[in-house]
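Dear colleague,

I am handing over the structure below, and my notes follow it. Could you please read them with the model open beside you?

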Amino acid sequence: MDRSLYLAYRPQTFAEVVEQEHVSRTLSNAIETDRLAHAYLFCGPRGTGKTSTARILAKALNCEKGPTPNPCGECDNCVRIRNGSTMDVVELDAASNRGIDEIRKLRENVQYAPAEGRYKFYIVDEAHQITKDAFNALLKTLEEPPPYVVFVLATTEPDRLPATILSRCQRFDFKRLSSEKLAAHLTKVAASEGVDIDDAAVRTIARAADGAARDGLTILEQMMSFSEGRITQEDVVSVLGFTEMDVLCALSRAVIDGDSVAIVDVVDRVVETGRDLHQLLKDLAGHFRDLLVLSLGADSAELKALAPEARAIMTEQAKSLDRARGVRLIDVISQAQGDLRWNPQHRLVVELALLKAAECLPTAAPAAPAARAAAAPPRPAPSPAPARPAPATRPESTPPRAEAPRRTPAAQATPRPATAPEPAAPSTEVEHEPVASPGEVDVATVKDRWPEALAAVKRQSVPVHALLVDSMPLAVAGDVIVLGFSHQFHRDHCAEPQNRALVESVIRPLFGALRIDCQRAAEWTANALAHDDGGSDEEGDSAAADPDPDAFIRQVVDMFGGTILDQSLT
Ligand SMILES: [Zn+2]
């Protein structure tokens with residue numbers, strides 16, 4: 001094999017472009033009726049044929065027997081375009097040539113008539129990467145292009161192009177290839193290469209390629225050099241390690257189960273493969289969106305394109321989601337996407353986001369060991385606030401506690417009713433009924449009614465409310481609500497006696513006589529993880545992978561400049 005499969009099997013005619021018939025048909029009609037645009041925008045996921053289609057369009061217009069929707073592929077112009085040796089087709093990768101200078105050069109070049117064919121083509125790949133100034137320079141050319149110029153802007157992210165550019169382009173949306181179409185394509189390529197491959201192996205490659213023909217061919221090529229003789233499903237899995245869909249489903253499973261050990265474990269595997277965590281979060285947001293759509297009993301084009309196995313798994317997972325929780329999950333993930341921009345600790349941001357996402361969901365009963373880890377309060381951490389005695393109003397009827405007090409409430413948490421009411425709209429007129437006596441309220445109830453608490457605090461003090469919105473209730477331990485803050489500054493100020501007193505006076509009528517314990521969410525969560533490590537394990541699943549919580553805690557400590565309390569961890 002002297003060149004890559006991707007290049008060898010690059011489509012050379014509109015008919016050969018897989019699954020983009022809507023694009024091919026419209027372009028063919030435009031050529032036949034001589035209604036060409038001077039600027040096209042090709043949008044869609046990577047590896048779906050955008051630049052290949054642009055080159056086919058160039059051949060169709062410059063073929064010596066054309067313009068024709070079916071270029072001959074044999075004349076000098078067709079051959080030169082296929083070889084990339086023509087001066088009439090200029091390909092610019094905006095990822096590396098994104099500045100004003102490149103666009104100025106392009107504008108000068110545009111003035112010269114085509115050297116060989118009828119038209120001059122400018123194919124700008126990854127067009128969303130062009131800088132603002134360069135876009136402005138390009139705009140002038142797009143407004144009054146010479147009659148012999150055709151622009152094709154290709155992009156995976158059309159939303160990032162300025163509206164002024166978008167409005168001057170005829171837009172085509174390229175579809176992600178369905179697994180079946182891609183599998184059929186790979187089977188055809190394998191056959192013409194004389195490669196023996198299992199159907200199951202082809203399907204796994206197609207699924208791993210996630211709708212991108214280029215990726216599918218690259219994996220197939222990898223498999224061809226890996227396997228001697230027939231390529232089997234086992235070969236593919238052993239080379240890939242795991243597929244994209246498997247990762248997303250494993251993460252959503254772990255989040256839905258509240259399985260923090262599994263979350264850390266899967267993120268670990270992802271990091272090991274060098275995968276981009278920005279992309280992972282983006283994919284996860286899309287994945288949770290798909291789950292939400294499924295949980296609502298709806299459908300979408302993306303879901304229809306899923307492999308049946310993946311769809312079955314996701315449908316099963318979607319049963320554990322409802323609208324409110326699905327929206328909260330997506331919200332947590334999008335916040336983390338924002339955090340990645342300023343926080344260099346990408347792995348930690350992703351792990352915390354997923355642990356936080358798991359907190360959004362009630363843990364299913366009976367809880368898995370890891371689910372308990374997420375719910376269990378951590379070792380006591382030093383707090384700047386002076387310890388205060390329990391309020392005198394504590395009822396005598398508090399049930400006796402079998403374990404250490406800080407662990408008990410989570411274990412005793414009463415199950416939530418299946419139809420938990422939506423939090424009431426904040427209103428000054430509302431008389432709040434305490435939901436429970438201290439020691440009886442559970443964290444799910446506190447979370448459910450937390451918007452009420454926030455609204456009540458806001459009515460009393462906007463500054464304290466501003467501190468409090470950075471937090472979320474993490475646990476209830478005895479008569480104490482543990483509040484996790486994202487930022488140290490907010491935590492410290494909320495923990496000041498007068499602010500804490502204000503918050504407590506507001507939550508008392510809501511949740512009974514309770515105090516608050518202000519914590520950093522990151523430290524608390526890490527402590528909760530460490531707390532569970534080496535603890536009793538009823539499931540006895542010793543085969544589970546060890547996520548190395550020590551490394552996790554060290555990262556937390558590095559990030560926040562804290563100290564590790566338990567010497568055994570160092
Ligand atoms: Zn030709």
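**Salt bridges**

Arg160 is partly exposed, with a relative accessible area of 47%, where buried means under 20%, exposed over 50% and partly exposed in between, using a 1.4 Å probe and protein chains only. This is a predicted model, in which local features need pLDDT of at least 70 and side-chain atom pairs count only at pLDDT 80 or more, whereas totals for chains, interfaces and linings use all residues. Residues are numbered from 1 along each chain as its sequence is written, and side-chain values use heavy atoms, with hydrogens and water left out.

The side chain of Arg160 meets that of Glu157 in a salt bridge at 3.1 Å, N to O (a salt bridge being a side-chain nitrogen of Lys or Arg within 4 Å of a carboxyl oxygen of Asp or Glu), and Glu157 is likewise partly exposed, at 26%. The structure holds 19 salt bridges.

Another of them joins the side chains of Asp196 and Arg230, at 2.4 Å from N to O. This pair links distant parts of the chain, since Asp196 sits in the loop between helix H8 (179–192) and helix H9 (199–209), while Arg230 sits in the loop between helix H10 (213–226) and helix H11 (233–240), 34 residues apart; helices (H or I, at least four residues) and strands (E, at least two) are DSSP runs numbered from the N terminus. Asp196 is partly exposed at 39% relative accessibility, and Arg230 is partly exposed at 41%.

Asp290 forms a salt bridge with Arg289, their closest N and O atoms being 3.5 Å apart; Asp290 is buried, with a relative accessible area of 14%, whereas Arg289 is partly exposed at 40%. Elsewhere, salt bridges with shared partners join Asp196, Asp198 and Arg230 into one network.

**Strands**

An open sheet of five strands has the order S2-S3-S4-S1-S5, with parallel pairing, where two strands pair if DSSP finds at least two bridges between them. Strand S2 (89–93) and strand S5 (170–173) are the edge strands, each pairing on one side only. On average, and ignoring direction, neighbouring strands of this sheet are turned by 15° against each other; axes are lines fitted to C-alpha atoms, for helices over the stretch in contact (heavy atoms within 4.5 Å), and angles run from 0 to 180 degrees between N-to-C directions.

Within this sheet, strand S3 (residues 120–125) and strand S4 (residues 149–155) pair in the parallel sense over five bridges, and Val124 stands opposite Leu153 in S4. Helix H5 (residues 100–110) lies across S2, S3 and S4, running at about 165° to S3.

In strand S6 (residues 471–477), seven of its seven residues are buried. Six bridges join S6 to strand S7 (residues 480–485), and the two run antiparallel, with Val480 in S7 as the bridge partner of Ala477. S6 and S7 form a hairpin with two residues between them, and Gly478 in the turn has a positive phi of about 65°.

**Zinc site**

The protein donors of the zinc ion are Cys63 (SG), Cys72 (SG), Cys75 (SG) and Cys78 (SG), lying 2.3 Å from the ion; donors are N, O and S atoms within 2.8 Å of the metal (3.2 Å for Na, K and Ca), and sites may look incomplete because water is not among the atoms. The four donor atoms subtend angles of 103 to 119° around the zinc ion, which makes the arrangement tetrahedral (four donors count as such if all angles lie between 85 and 135 degrees). Their spacing in sequence is C-x8-C-x2-C-x2-C. Cys72 is partly exposed at 25% relative accessible area, while Cys75 counts as buried at 8%.

Best regards

Methods
Four donors count as tetrahedral if all angles lie between 85 and 135 degrees; four count as square planar and six as octahedral if opposite donors are over 155 degrees apart and all others between 65 and 115; anything else is irregular.
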